[in-house]
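Student: I would like to learn how to read a protein model step by step, with questions about its rings, its strands and its open space. Could we work through one together?

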Amino acid sequence: MKGCLMNLRLAKAYELSILFDIHHTVFRSHIEKLWGWDEDWQRLNFVTELANTVTYVIEIEGKVAGYLQLLDEENRMYVQNLAVSPTFQGQGIGTQLLKDLQLRAKNRNMSVSLGVFQTNKRAKSLYEQLGFRKVNETRTYIEMLWEHHSPMGDVSRP
């Protein structure tokens, strides 16, 4: 993300279709492989997730680059979804967002957890590099946890 200005702001209702398009682009191939894509169900589930999480729009130089959905619970932050549009992938956006969450969690003495599709090797590798460890596994997901006191959980920046 060198040289890019990233902004994270709360999503607005009128952005639903833009965010769903990103969801579709980023997650459809994984969902098709794991249990099959049902457009109507995906749209309904997406609206439900928007209603039950705090959803942030990721902007890079004024363009919508993705979204982040969080559940801020008593003792942990749960990343419901982190989706970066393919145009913006590989620029360190996801890494920066997760490091910022880890720092926030560390300051609040909390953990960060998330689930990653079994088929999403790239994301799983990123999470492992950032100190997340596998805590559970299903046929479709790997549940991962980061704790600030874990040996690989140092979020200090170079």
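Student: Which residues form one aromatic cluster?

Tutor: Bear in mind that this is a predicted model. Aromatic rings count as a pair if their centres lie within 6.5 Å, and by this rule the count comes to eight aromatic pairs. One aromatic cluster is made up of F20, W37, F46 and Y67.

Student: How are the rings of F46 and Y67 arranged, stacked or edge-to-face?

Tutor: A pair of aromatic rings is described by the distance of the centres and the angle of the planes. F46 belongs to helix α2 and Y67 to strand β3, 21 residues apart, and the pair links these distant parts of the chain. The ring centres of F46 and Y67 are 5.7 Å apart and the planes stand at 85°, and because an angle over 60 degrees counts as edge-to-face, the arrangement of this pair is edge-to-face.

Student: Is F46 buried or exposed?

Tutor: A residue counts as buried when its relative accessible area is under 20%. For F46 the relative accessible area is 1%, so F46 is buried.

Student: What kind of pair do F117 and Y141 form?

Tutor: F117 lies in strand β5 and Y141 in strand β7, so their pair ties together parts that are 24 residues apart in sequence. The centres of the rings of F117 and Y141 are 5.2 Å apart, and their planes are at 25°, so the pair is stacked.

Student: Of that pair, is Y141 buried or partly exposed?

Tutor: F117 has 9% relative accessibility and therefore counts as buried. Y141, by contrast, has a relative accessible area of 32%, so Y141 is partly exposed.

Student: How many bridges join β3 to β4?

Tutor: Strand β3 is joined to β2 by seven bridges, and β2 and β3 run antiparallel. The number of bridges that join β3 to β4 is seven.

Student: Which element gives the most to the lining of the largest pocket?

Tutor: The largest pocket holds about 860 Å³ of space, and its lining comprises 37 residues. The elements that give two or more residues to this lining include α1, α2 and β4. With seven residues, the element that gives the most is β4.

Definitions and conventions: Residues are numbered from 1 along each chain as its sequence is written. This is a predicted model: local features need pLDDT of at least 70, side-chain atom pairs count only at pLDDT 80 or more; totals for chains, interfaces and linings use all residues. Side-chain values use heavy atoms; hydrogens and water are left out. On a 1 Å grid over the protein atoms alone, a cavity is a set of points where a 1.4 Å probe fits but cannot get out, and a pocket is an open set with protein on both sides within 12 Å along at least five of seven lines; lining residues have an atom within 4 Å of a point. Grid points are joined across faces, edges and corners, and a volume is the space filled by probe spheres set on the points. Helices (H or I, at least four residues) and strands (E, at least two) are DSSP runs, numbered from the N terminus. Rings of Phe, Tyr and Trp (its six-membered ring) pair if their centres lie within 6.5 Å; planes under 30 degrees apart count as stacked, over 60 as edge-to-face and the rest as tilted. Buried means under 20% relative accessible area, exposed over 50%, partly exposed in between (1.4 Å probe, protein chains only). Two strands pair if DSSP finds at least two bridges between them.
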